[in-house]
Amino acid sequence: MNRTLKIALGSIIVGIVVLGLKTLAWRVTGSVALLSDALESTVNVATALAALIAIRIAQRPADQSHPYGHHKAEFLSAVLEGVMIIVAALLILEEAFQGIMAPRPLDAPMEGLLINVAASAINAGWCWVLLNQGRRLRSPALVADGKHLLSDVVTSAGVIVGVLLAIVTGHAILDPILAAVVAVNILWSGWKVMTASLGGLMDEAVSDDMLHAIRSTISDQAEGAIEAHDLRTRHAGSMTFIDFHLVVDGDTSVAEAHVICDRIEAALKRRLDDAQITIHVEPEHKAKHSGVLVL
């Protein structure tokens, strides 16, 4: 099992532990805000499982039915995660509305808060692991999971402060009001996760910084060619797809052009961990001399 899969499996284990603690905190106190926190943790477990399945699918090699691989499965997982976050927020809003209509005092609030603090500390530590390793491994599913967990950590901090205020002031209605605020925050988080992942499904180009690095690498390694134009990029999971036209002198042999292409491909693959590169070689009369990478 590779590192990405191990981290995805770890998310499920951490999610189950945190869910158990937050559910216990809610049962001890009866707090609607703590219930909202527990409901979000239910989504954490479900989305962590979806991420694990997506990562396994994404790592399958290309086959006859999927000649470009299965990399987009991770984006599908991230979109699903965004949808599930939104569903959780709507459930929390319903619970908050019921609590506002009929507020009630909390039971054993301090004990419940301490349990929730412990669960939030575990989430914060794992959130750092997911974001750090997800970006390093270029895994959209892990990054989406980490961003969701980050919103959960922020939410939990707000819940803890809000429940403390309800205890100190004696205003029980603050508890469901806080749960409603939490739900709105979760809705925004789910929307951001979903829209970011849709960009990958729509063959979004690489970032400007990465595009600049790709262009520089081609320019540095294309000695013997005239220019490169029609550079296109897209990313799918950890894989980056690059294709462009390389213009060479009409007297350049096929073997010589192949050497140039091999040199460019090798340099790009050193720069990008996972890259699939397609180069279309053209004679010099195909040069565009405008809006192109001139070598």
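Helices in this tour are DSSP runs of H or I with at least four residues, numbered from the N terminus. The model is predicted, so local features need pLDDT of at least 70 and side-chain atom pairs count only at pLDDT 80 or more, while totals for chains, interfaces and linings use all residues. Residues are numbered from 1 along each chain as its sequence is written, and side-chain values use heavy atoms, with hydrogens and water left out.

Select residues 109-136 to begin. This is helix H4, whose 28 residues reach 40 Å from the first C-alpha to the last, close to the 40 Å expected at 1.5 Å a residue, the expected span being 1.5 Å times one less than the number of residues. After H4, go to arginine 138, where phi is positive, near 55°.

Return to H4 and select serine 120, which lies in this helix. Serine 120 counts as buried because its relative accessibility is 10%, buried meaning under 20% relative accessible area with a 1.4 Å probe, protein chains only. Its side chain makes a polar contact of 3.5 Å with that of serine 156 (a pair of N or O atoms within 3.5 Å, one able to donate a hydrogen and the other to accept it; residues adjacent in sequence count only if both atoms are side-chain atoms). Beyond four places in sequence, serine 120 is in contact (heavy atoms within 4.5 Å) with Lys22, Val153, Ser156 and Ile160.

Finally, select alanine 33, which touches Val159, Val163, Asp175, Leu178 and Ala179, leaving out residues up to four places away in sequence.

Methods. Helices (H or I, at least four residues) and strands (E, at least two) are DSSP runs, numbered from the N terminus. Buried means under 20% relative accessible area, exposed over 50%, partly exposed in between (1.4 Å probe, protein chains only).
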